[in-house]
Amino acid sequence: MQADANRVAVVDIGSNSTRLLVADVAGGRVAEVVRRSTVTRLGRGVDLSGQLSREAVEAACDVIAEYVALYEKEHATTIVANATSAVRDASNGDAFVAELRERFALSAKVLDGEEEARLTYLGATAERPPSTPTLVIDIGGGSTELIVGAGAEIDFHASLQAGVVRHTERHISSDPPTAAELEAMVNDLRGPIEATVAEMPGPGPTRGIAVAGTPTSLAAIEMGLEPYDPARVHGHVLTRPAIQHALSRLASVPLAERARIAGLHPDRAPTIVAGVVILIEAMRAFGLDEVQASEHDILYGAAIDASQAERADAQSQ
């Protein structure tokens, strides 16, 4: 570890996955020590019931217990826990945050859409700030963040109630999904995404970066990666025709067969179709023919942000 680096642990509690990053952070650079991702589907049923289920909470807490042990073993000195759409939307979200505090002494922050967008953009662009307007797409379990910026500045962002868990539950009940179900999903997504584009000031983006499980899975599928290789996935270019071809393949087979596709983690098989539909609709609305898959997402952004805040506090004392 560099002498001036902070060892930061970030626990990201999403609607579909619960993730951990332990990294040494210095000068806006992130050196991974440990990274984990587990599909826990905390957001299951929230779109319908408005609450986190006990089963989903226990699944997330079981994973968080493992993550706490991991970051303690790695001697992380700065601990950050963030919760996003499912906890934000659930009527018992505050109770879940209180439970994390009691069980793990973990003070989780429930991010609003603006803060989620800021940290996502920071993570996706810190290594190489874009010189032209760039769209960062983050497709989560319960929400999708659309952020346009150049350099270090965000010019526009929107947080949509569109996610892989939410839209799978809302539209897909057949195995494999029917053409009518897919069409209903597209119709549900197209209006809000197009309205978002209409609100965007200034020039539209000329390039796109897509983070989170949907684009990274698509990259791994396209390359047939077994096992998954983040170094090869990061920076892989996905074209819209290739993504549409992948959708046809993924949506045409039953779940059991989809789960065996090389490059796709079986836990992502139930929700990947919805994620690909969201990605295609976002690219179409913003006029992008391709996006770059990125492993640098809100985990990186939160680690950089926490390190910067700690340094600022230390300097002010």
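Biologist: Where is the place of Ala212?

Modeller: This is a predicted model, in which local features need pLDDT of at least 70, side-chain atom pairs count only at pLDDT 80 or more, and totals for chains, interfaces and linings use all residues. Residues are numbered from 1 along each chain as its sequence is written, and side-chain values use heavy atoms, with hydrogens and water left out. Helices (H or I, at least four residues) and strands (E, at least two) are DSSP runs, numbered from the N terminus. Ala212 has its place in the loop between strand S9 (207-211) and H8.

Biologist: What phi does Ala212 have, and is it buried or exposed?

Modeller: Most residues other than glycine have a negative phi. Ala212 is not a glycine, yet its phi is positive, about 85°. Buried means under 20% relative accessible area, exposed over 50%, and partly exposed in between (1.4 Å probe, protein chains only). The relative accessibility of Ala212 is 16%, so this residue counts as buried.

Biologist: His75 is not a glycine either, so what is its phi, and what is its relative accessible area?

Modeller: His75 belongs to the loop between helix H2 (54-73) and strand S4 (78-83). Its phi is positive, about 60°. His75 is exposed, with a relative accessible area of 62%.

Biologist: How many of the 11 residues of helix H8 are buried?

Modeller: Among the buried residues of H8 are Gly213, Pro215, Leu218 and Ile221. Helix H8 (residues 213-223) is largely enclosed by the rest of the structure, because the buried count is 9 of the 11.

Biologist: What is omega for the bond from Asp175 to Pro176?

Modeller: Pro176 sits in the loop between helix H6 (164-171) and helix H7 (179-199). The peptide bond from Asp175 is cis, with omega near 0°.
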